[in-house]
Amino acid sequence: MSEWYPATSPITLPTLADNGAEPGGERIVVIGGGNWGTTFAKIVADGGRNVTLVVRRPEVVDEINEAHRNTTYLPGINLPSRIHATCDLAASVASADLIFLSVPAQTARENIEEFRPFMTADASIISLMKGMERSTGKRMSEVISDVSGLGADRIAVASGPNIALEIARGEPTAIVVASESEQLAVRVAQVARNSYLRSFVNQDVVGTEFGGVLKNLIAIAIGISDGVGYGENTKASIMTRGLAEITDFAVAMGASRETMMGLAGLGDLIATCMSPLSRNFTAGRLLGQGYSYQDVNSRMEQTAEGLRSVESILLLANQHSVPMPIVQQINDVLDGKMSPTDLAPHLATDNEIPRGE
Ligand SMILES: NC(=O)c1ccc[n+]([C@@H]2O[C@H](COP(=O)([O-])OP(=O)(O)OC[C@H]3O[C@@H](n4cnc5c(N)ncnc54)[C@H](O)[C@@H]3O)[C@@H](O)[C@H]2O)c1
Ligand SMILES: O=P(O)(O)OC[C@H](O)CO
């Protein structure tokens, strides 16, 4: 855990004038023009900086640059003209200091492989993603390190209670930027701040990253309860025991307990479990309503990372002997081995009276 800026306390960042950087002084690229990538580009632009947003479809480029909209992902939101959209990944990366990556976790490796040859010597990569790579069980910062060969001082992650559409509407929000490098975390925090969004920083990359991954799983369980028709007691029980479960797991993996009680843990758990806009909650609700995993996958138009992170987390939990009864039961529901109605009573692993509350 950070000795210098605890995730629970605000820090005083230099203003743009104080640190000598002109607005737009950092050359910033966001890769991925979906719900979060577009919103993150708006955050940066609303802070007074120019930002390049790399998207895949030319018609989205035209819509963003001409109409200042991305109606597929952010209906009703006007985008700042400081966002410049393009399909040209190579040229964008070749002139970037900070490269923010916001694609589905399962495609991150191939995306980084594609742009790595074009990175400048001192560019850094920041993960905005909240999934695990299924084939390797790695976190996104580990995938970035693997593929790019960058040192930990040039890798950061951002996480927190960040439902994209709410932030795109300008509703006040906080985010956590974590890097082993204090300097990089602060640089990124300076870029990711404006009148409605404030960045906190810490050095706990493991905790900040796992907070974002793990809350998705609990949000699926909450969605399942909602779909079944259970009320607030059930959801509160799952959220509370879920927080205990994911905290024990994250700490066993090297995270700080404090991070899990902060914005990237508890904060994001609350936002994702409470919001009908959450894709993980929505996927869970469909499961609770009786749809199969296959049906849910085909109905989801946006990325619900939790669905693809469950197995990796359970594998790691087994390797580290951490009991995860709620996550195990989500997996059983996804596999069709457990009825959604049976999820709620099974908040502990055994038939003993659970202790420790
Ligand atoms: N939406 C949110 O509120 C939010 C908030 C914080 C973090 N996140 C995280 O951000 C990441 C991206 O989520 P999102 O909400 O933008 O998802 P999304 O489904 O809205 O968008 C994903 C984007 O990735 C693009 N994409 C898909 N496959 C690709 C590929 N092979 N190569 C390049 N691009 C590809 C899609 O075209 C789309 O633009 C996820 O890990 C998510 O957990 C999302
Ligand atoms: O829509 P979800 O479920 O991917 O959640 C979005 C963000 O991660 C909330 O912080």
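Visitor: Which helix gives the largest share of the shell around ligand 1?

Guide: In this predicted model, the largest share of that shell, three residues, comes from helix α1, which spans residues 35-46. Of the 24 residues around ligand 1, those that come nearest are Gly34, Asn35, Trp36, Met129 and Ala164.

Visitor: What makes you say that ligand 1 lies between domain 1 and domain 2?

Guide: The chain is divided into domain 1, residues 28-203, and domain 2, residues 207-342. Because both domains give residues to the shell around ligand 1, the ligand is said to lie between them.

Visitor: Where does UniProt place the feature "binding site"?

Guide: The unreviewed UniProt entry places that feature at Gly32, Gly33, Gly34, Asn35, Trp36, Gly37, Ala164 and Arg279, although such annotations may be inferred rather than shown by experiment.

Visitor: Why is Gly32 called buried?

Guide: A residue counts as buried if 20 or more other C-beta atoms lie within 10 Å of its own; Gly32 has 25 C-beta neighbours inside 10 Å, and therefore it counts as buried. Gly32 is placed in the loop between β1 (28-31) and α1, and, not counting residues up to four places away in sequence, Gly32 touches Gly37, Leu101, Ser102 and Val103.

Visitor: And why does Gly37 count as buried?

Guide: The cut-off is again 20 or more other C-beta atoms within 10 Å, and because Gly37 has 24 such neighbours inside 10 Å, it counts as buried. Gly37 is in helix α1, and once its neighbours within four places in sequence are left aside, Gly37 is in contact with Val30, Ile31, Gly32, Leu53 and Ser102.

Visitor: How many residues does the contact take from domain 1 and from domain 2?

Guide: The C-alpha centres of domain 1 and domain 2 lie 24 Å apart, and the contact takes 24 residues from domain 1 and 27 residues from domain 2. On the side of domain 1 that touches domain 2, at least two residues each are supplied by α5 (140-148), β6 (155-159), β7 (173-178) and β8 (197-202), and the largest share, three residues, comes from β7. The residues of that side divide into twelve nonpolar, nine polar and three charged.

Notes:
Residues numbered from 1 in each chain as written. Chains lettered and ligands numbered in written order. Predicted model: local features only at pLDDT ≥ 70, side-chain atom pairs only at ≥ 80, totals over all residues. Near = placed C-beta within 6 Å. Helix = DSSP H or I, 4+ residues; strand = E, 2+ residues; numbered from the N terminus. Domains from an automatic or database assignment. Buried ≥ 20, exposed ≤ 12 C-beta atoms within 10 Å, placed from the backbone. Contact = placed C-beta atoms within 7 Å. Nonpolar A, V, L, I, M, F, W, Y, C, P; charged D, E, K, R; others polar.
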